[in-house]
Each structure stands twice: as structure tokens, then as C-alpha cells.
Amino acid sequence: MSRVVSGALALVAAGWTMSAQAADFYGSPNTVNQSLFRPDSWAGPYLGANIGYAWGSVANNPAKPSGFVGGVQAGYNWQNGGPWVFGLEGDIQATGAEETFAPWKFSNPWFGTVRGRAGYAFTNVLFFGTGGLAFGELRATTFGLTESHTNLGWTLGAGAEVGLAPNWSAKIEYLYVDLANSNFVITGASNGYRFGLIRAGVNWRF
């Protein structure tokens, strides 16, 4: 949980910096054409893609798989005239997170999440918290034998999203993901995967 808190605080600080820079754009009369787009509303469906990096640890084993992550997300936001924005988002990710320790190699080929989102919009900048279900594969390999389990767990995180142009926005997000333990025959232990994830992405809002 300390990773969740530290990651969320870092993202909030980054978001405030972006908001201040956007305010500088708006405040200068000579940069009207250079200013970031101000969306009238964050409401509606969206579809996008993301790329990032994940690092974590395997329960009951010293392996610490890490690697690049990429995937797609889709969601829907509700906003009723005020600054509060609520939504649902789902994503599916392919990952290169893996590590070998002694005779065991652990990897996380893919994972996905289904999350609620709640945020506060400052014109073109949306700060949000998010949390919900996570699911994904943990794969163990040793002495030529491979065993895979698809585990169900949870995720929690925070982020900031910036409106850049009509229908387009960019985001940065931190998630902590816990894929719960399951019993692996080839390791003789109950193994799961917990990891942090920082990713950046773009969304097309319909």
C-alpha cells in the first residue's frame, strides 16, 4: 500500500505542474493559439492506447519480474454540469515483465483491469482516483516445465488527464495491482504477483 500512496502523490504533483503550465498558457494574451484545448465536458465514451513500465515481486519467491507494458483502454465518463467526473474504465495489457531466480522463471504475459474512476476537473485538466478488479496470468517455468495460472485480484491508483484538442486527451497514471496467490505444483508454493505500474496514454473521446 505504501507504493500506492507514494505513486499517487507523485502523480498529483505532476498533475499540478501541468495545470500551472496550462494556466500560464491561458494567462498570456500572445499565446491564445498555443493554448491547450478546454473541453466543455469530460462526459461520454472514449477509446485509447497506453504504454508504460511495471515492476513487482512474486509471493513466496525472491523473483521480481519487471518490464514494459502496452495495451488499450475504453471507458465512459459522467459529468452533470459541475467539476466532478465519474466513470468506468476497462483495459487489457500485454507485458514483458519477467525474471529468473535460481531454477524458476516467473513472467506476467498479460493482465487487465475493470475500474471505477472519480475525479475533479479544472477546465482542461482532470485529476482522478481509480480502483477495481484486476486479472492476469502468472507463468512459472523450471527445468523445461511450464505452469500458468490466471488469477483474480484488485487494483488501486491515481492519475491526471489533459485535454489537448477536440476529442483528444492525454493521461499519466499510476496503478498498484495485486494478482492474488494460487498454488503452483512445479514450485511447491502458493505464488502471486504484486506490482506497480506507471503508464502514459492517449484517448479519443466520442
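**Fold, cores and buried charges of the predicted model**

Buried residues account for 45% of the 206 residues in the protein. The model described here is predicted. One helix and eight strands are assigned, and from the N terminus on these elements follow the order α-β-β-β-β-β-β-β-β. Of the contacts with a separation of 6 or more, 62% are between residues 24 or more positions apart. The accessible surface of the protein amounts to about 9700 Å², and carbon and sulfur atoms contribute 66% of that area.

The largest nonpolar core contains 17 residues, among which Phe106, Val177, Tyr193, Phe195 and Leu197 touch the most other members. At least two residues of this core are supplied by each of β1, β4, β5 (125–142), β7 and β8 (189–205). Strand β7 gives the most to this core, with four residues. A second, separate core consists of five residues, including Trp42, Val85, Ala121 and Phe128. For Tyr193, a member of the largest core, the contacts beyond four places in sequence are with Trp55, Gly56, Ser57, Val58, Pro65, Ser66, Ala97, Asn108, Leu138, Val177, Asp178 and Leu179.

Charged side chains were considered next. The whole structure holds twelve salt bridges. One of them pairs the side chains of Lys171 and Glu89, with an N to O distance of 3.2 Å. Because Lys171 belongs to strand β7 and Glu89 to strand β3, this pair ties together parts that are 82 residues apart in sequence. Burial is defined as under 20% relative accessible area; Lys171, with a value of 5%, is therefore buried, and Glu89, with a value of 3%, is buried as well.

A salt bridge is also formed by Arg115 and Asp91, whose closest N and O atoms are 3.1 Å apart. This pair links distant parts of the chain, with Arg115 in strand β4 and Asp91 in strand β3, 24 residues apart. Arg115 counts as buried at 1% relative accessibility, and Asp91 is buried with a relative accessible area of 6%. Since Glu173 is in strand β7 and Arg115 in strand β4, the pair ties together parts that are 58 residues apart in sequence. Salt bridges with shared partners join Glu89, Asp91, Arg115, Arg117, Glu161, Lys171, Glu173 and Arg199 into one network.

Glu173 is located in strand β7 (residues 168–184) and is buried, with a relative accessible area of 0%. The side chain of Glu173 makes a polar contact of 3.3 Å with the side chain of Lys171, and another polar contact, of 2.9 Å, joins the side chains of Glu173 and Arg199.

Strand β3 provides the largest share, three residues. Tyr120, a residue of strand β4, counts as partly exposed at 31% relative accessibility.

Strand β3 also contains Ile92, which counts as partly exposed at 40% relative accessibility. Leaving aside neighbours within four places in sequence, Ile92 is in contact with Gly70, Gly71, Val72, Trp110, Phe111, Gly112 and Phe135. The C-alpha atoms of Ile92 and Trp110 are 7.6 Å apart in space, although the two residues are 18 residues apart in sequence.

Backbone geometry was examined in two loops. Most residues other than glycine have a negative phi. Asn60, which is not a glycine, has a positive phi of about 60°. Asn60 is found in the loop between β1 (44–58) and β2 and counts as exposed at 58% relative accessibility. Ala102, likewise not a glycine, has a positive phi of about 55°. Ala102 lies in the loop between β3 and β4; with 55% relative accessibility, Ala102 counts as exposed.

Methods
Residues numbered from 1 in each chain as written. Predicted model: local features only at pLDDT ≥ 70, side-chain atom pairs only at ≥ 80, totals over all residues. Heavy atoms only, no water. Buried < 20%, exposed > 50% of the residue type's maximum accessible area, 1.4 Å probe, protein only. Polar contact = N/O pair within 3.5 Å; in protein donor to acceptor, adjacent residues only side chain to side chain. Contact = heavy atoms within 4.5 Å. Areas by Shrake-Rupley, 256 points an atom, 1.4 Å probe, with all protein chains shown as cover. Core = buried A, V, L, I, M, F, W, Y, C linked by side-chain atoms within 4.5 Å. Salt bridge = Lys/Arg side-chain N within 4 Å of Asp/Glu carboxyl O.
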